[in-house]
Amino acid sequence: MNRTVLVCCGTGCIANGSLEVAEALRRAISETKTHAIVETVIKQTGCNGFCENGPIVRIMPDDISYYKVKPKNARDIVNSIGEKPVEQLLYKNDEGTPVLSQMENPFYMSQHKTVLRNIGEIDPGNLSDYLARGGYSALKKALFMTPDAIIREVESSGLRGRGGAGFPTGRKWRTAAGFEALPKYVICNGDEGDPGAFMDRSILEGDPHSVLEGIIICALSIGALEGFLYIRDEYVLARKYVQKAIHDAESAGILGGSIMGSGKRLNLSVVRGGGAFICGESTALMASIEGRVGEPRAKYARSAQRGLWNQPTVLNNVETFANIPIIINNSGENFTKIGAENSKGTKVFALVGKVRRSGLVEVPMGVSLRYLVNNIGGGVIDGRPLKAVQIGGPSGGCIPEAMLDLPVDFDSLTNYGAMMGSGGMIVMDDRSCMVEVARYYVNFLAEESCGKCTPCREGLRQMLAILTDICEGRGKEGDLELLEEISRALIGASLCALGKSAPNPVMTGIRYFRDEYIAHIMEKHCPAGVCAALTAFEIDASVCVGCTNCKRACPTGAVTGEVKSAHNINQAACVACGACREVCRFGAVRAIKRRFAV
Amino acid sequence: MRPTPYPFSRWSPADNNKFASAEIYFEGRMLMEIMPQEFSSLLEAYPKDRRYALAVMQDMQRQYNYVPREGLEALAEYISRPVAELFSMATFYKSLSLKPKGVHIIKVCNGAACHIRGAVNLVGGIKRIFGIAPGETTEDGMFSMELVNCMGSCALAPVMTVDGKYYGQVKIESLSAIFEALRNEAKP
């Protein structure tokens, strides 16, 4: 029987050394080939999503998945093909039993892979792999449809933009198609800037052709002859695969002068992002493609009417385009069968932070946060209590543990001050300080604010100054009211969505974690033990076993003590970084209120 | 090429001092050798259109580790746009820098996932090793540290890259070993 060895070569697995693993496997196979009856092919695939446990190696069609593979395991794996699997490399489920298939792995078991269907299964650099899995069949079908019929199909699917705002995709296309002005453009937004999110990166790296297919279908329906993929500067691998995909599709006659011989043409090119968060905003992105500073403009006219170079333009997110081939192939009607009331289909989330199984997950819209964190993520690391889930990137909000039963879709969360956004989901435990988290996001936004409009530029700076004061023990009464007042100004008067949604992390923080803010301001105490100016650490001598873990982790040498005897922290040398608490396996290190100034 | 006066020397007095010292150090190794004709191959890879300005500057950044003043002038002439416009882009986009960077560029991810898993401690660790804060370069011009927003490898948090190579789940204790290996590699 022919076997295929799939080696995950997404950015995450490469960081864990998967290229060396692939090489070692290749060598092991060529060395043992004379004895082996099996014909084995090595394939480098896109991201499997379970990056923390990389490099991931899968044997198909046996469907055996190995995790954390090292090059030295290569020979064992090759020898085991067709025989007993290498048990130590299998994933152990919650009961501690090793599992073979991804389908039995609790991380994958509860997922619903639609957009990610090909990722991890195909070689993203190989067009025939994509074709073999039914790729470009939707395009073929679309070529026999009228533009109006394509748009009707997308409209009936109820697909909403996956970039965060959730604008109905069909309506956007309909608007752009309705204008006569030529030329028209189609843009794919791959400037994924939200800290804590990597959905688009994985799709572009793992299945670039499905995105291209979506873009081509969009271009056909609105009559665009030129398209751009705006991809972040940091996503080197994604750009490489997209460029190759465009080149391959052009040589195969799928793209370019005559799309599949239909006589219709489309020219696609990749634009490198400049590393500015604001360029994820549609009008700023267009300014950036035009070769200007990426500042947004007021949207008196939507970009579907006046977008790139003032021409009708459709701009959609990577994930949105990846959904299009599915809709055309299976009809919009079928697409609506999955998902929530006003949010159809599935959504990819980046489940990260202090969660046991972190990675990329795809679930139908409308599942609860609790399900995502507990069933797929396996709960919080080390069984610590869950405090909040930050969702929606810097413009999203923190949802407290008590509200985790909320469904995740476009509309439910907005009522509670958060939003689904592009799908970043950061799990926080009791050692995350909500004031500090808010400060982090405001700092991020203040840096990334383009500075064009005053409320955003000045308001964020003031909010940052106040939050920094609170974190460093200079908070005073009235700060919270002032923060709320500035927030209202930002929401009402900012030019673009960056400023309008910027207060979300602060507003939800004050709303759900007011106690924590009050503790910082009034008692000068950080309950989570994060804000260094307010925190000191001490070792409980009755619990400490003297394992020296904390002593070795301490960056300033403040921890003293001998092996097997209780350790002590020299407060004068301590910088309250908390490294000792992180490494202590016995819970002997405690955060307490700092009594005197640093 | 016609020398044009423009506000390069007016970023801020502090910046200026840093730039001056970097210039002295980098002289001979990086700055001196750049001749205007060197840019022509970079420029001519793209059509004469404003929309390629960002791409050209990114190529310059990659080649020289910064966007040289002469490069901006050459580009301005090539696409017939004012230098001021390119200057505004060079200061706006984070992937561009007007100051020379070190030989090895350390990027510490401070995305949300890395932040709550201790990215700030990594920055502190690097600071103790090299004595540089984010945005600074060591005196010998070997290492630059940058604090960047999310590199999209959140499942491996905290993440750091050195010259584009990813290091996931970095611990403070392992930092010195990583850099020691790099220093040895760099020596002939």
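**Before you start**

Residues are counted from 1 along each chain as its sequence is written, while chains get letters from A and ligands get numbers from 1 in the order in which they are written. Since the model is predicted, local features need pLDDT of at least 70 and side-chain atom pairs count only at pLDDT 80 or more, whereas totals for chains, interfaces and linings use all residues.

**Stop 1: chain B as a whole**

Select chain B and colour it by secondary structure. You will find 8 helices and 4 strands. Helices here are DSSP runs of H or I with at least four residues, strands are runs of E with at least two, and both are numbered from the N terminus. Walking from the N terminus, the order is α-α-α-α-α-β-α-α-β-β-β-α.

Chain B has 188 residues, and 39% of them count as buried. Buried means that 20 or more other C-beta atoms lie within 10 Å of the residue's own; with 12 or fewer the residue is exposed, in between it is partly exposed, and the C-beta atoms are placed from the backbone.

**Stop 2: the sheet of chain B**

Now select the strands of chain B. In which order do they stand in the sheet? The open sheet has 4 strands in the order β2-β1-β3-β4, with mixed pairing. Two strands pair if DSSP finds at least two bridges between them. At the edges are β2 (143-148) and β4 of chain B, each pairing on one side only. Neighbouring strands are turned by 20 degrees against each other on average, direction ignored.

Zoom in on β1 (residues 104-109) and β3 (residues 160-162) of chain B: this pair is antiparallel, with 3 bridges. Angles run from 0 to 180 degrees between N-to-C directions, and axes are lines fitted to C-alpha atoms, for helices over the stretch in contact.

**Stop 3: where the chains meet**

Show both chains. The contact takes 46 residues from chain A and 38 residues from chain B. Residues are in contact if their C-beta atoms, placed from the backbone, lie within 7 Å. On chain B, elements that each supply at least two residues to this side include α3 (53-64), α5 (83-92) and α8 (172-186). The side of chain B that touches chain A has 20 nonpolar, 13 polar and 5 charged residues. Ala, Val, Leu, Ile, Met, Phe, Trp, Tyr, Cys and Pro count as nonpolar, Asp, Glu, Lys and Arg as charged, and the others, Gly among them, as polar.

**Stop 4: the domains of chain A**

Give each domain its own colour: domain 1 (2-105), domain 2 (127-335), domain 3 (346-429), domain 4 (434-522) and domain 5 (532-593). These bounds come from an automatic or database domain assignment. The C-alpha centres of domain 1 and domain 5 of chain A are 40 Å apart.

**Stop 5: a parallel sheet in chain A**

Select β7 to β10 of chain A. Their open sheet has the order β9-β8-β7-β10 and parallel pairing. Strands β9 (267-272) and β10 (313-317) of chain A are at the edges with a single partner strand each, so one side of each has no neighbour in the sheet. From one strand to the next, the twist averages 20 degrees.

Strand β8 (residues 226-231) of chain A runs parallel to β9(A), joined by 6 bridges. One to pick out is A:Y230, whose bridge partner in β9(A) is A:V271. Helix α11 (residues 236-251) of chain A packs on this sheet and touches β8 and β9 of chain A.

**Stop 6: a buried methionine**

Finish at A:M428, in strand β15 (residues 424-429) of chain A. Is A:M428 buried or exposed? A:M428 counts as buried because 25 C-beta neighbours lie inside 10 Å. Leaving out residues up to four places away in sequence, A:M428 touches residues including A:G353, A:V437 and, from the other chain, B:I116.

Methods:
Two residues are in contact if their C-beta atoms, placed from the backbone, lie within 7 Å.
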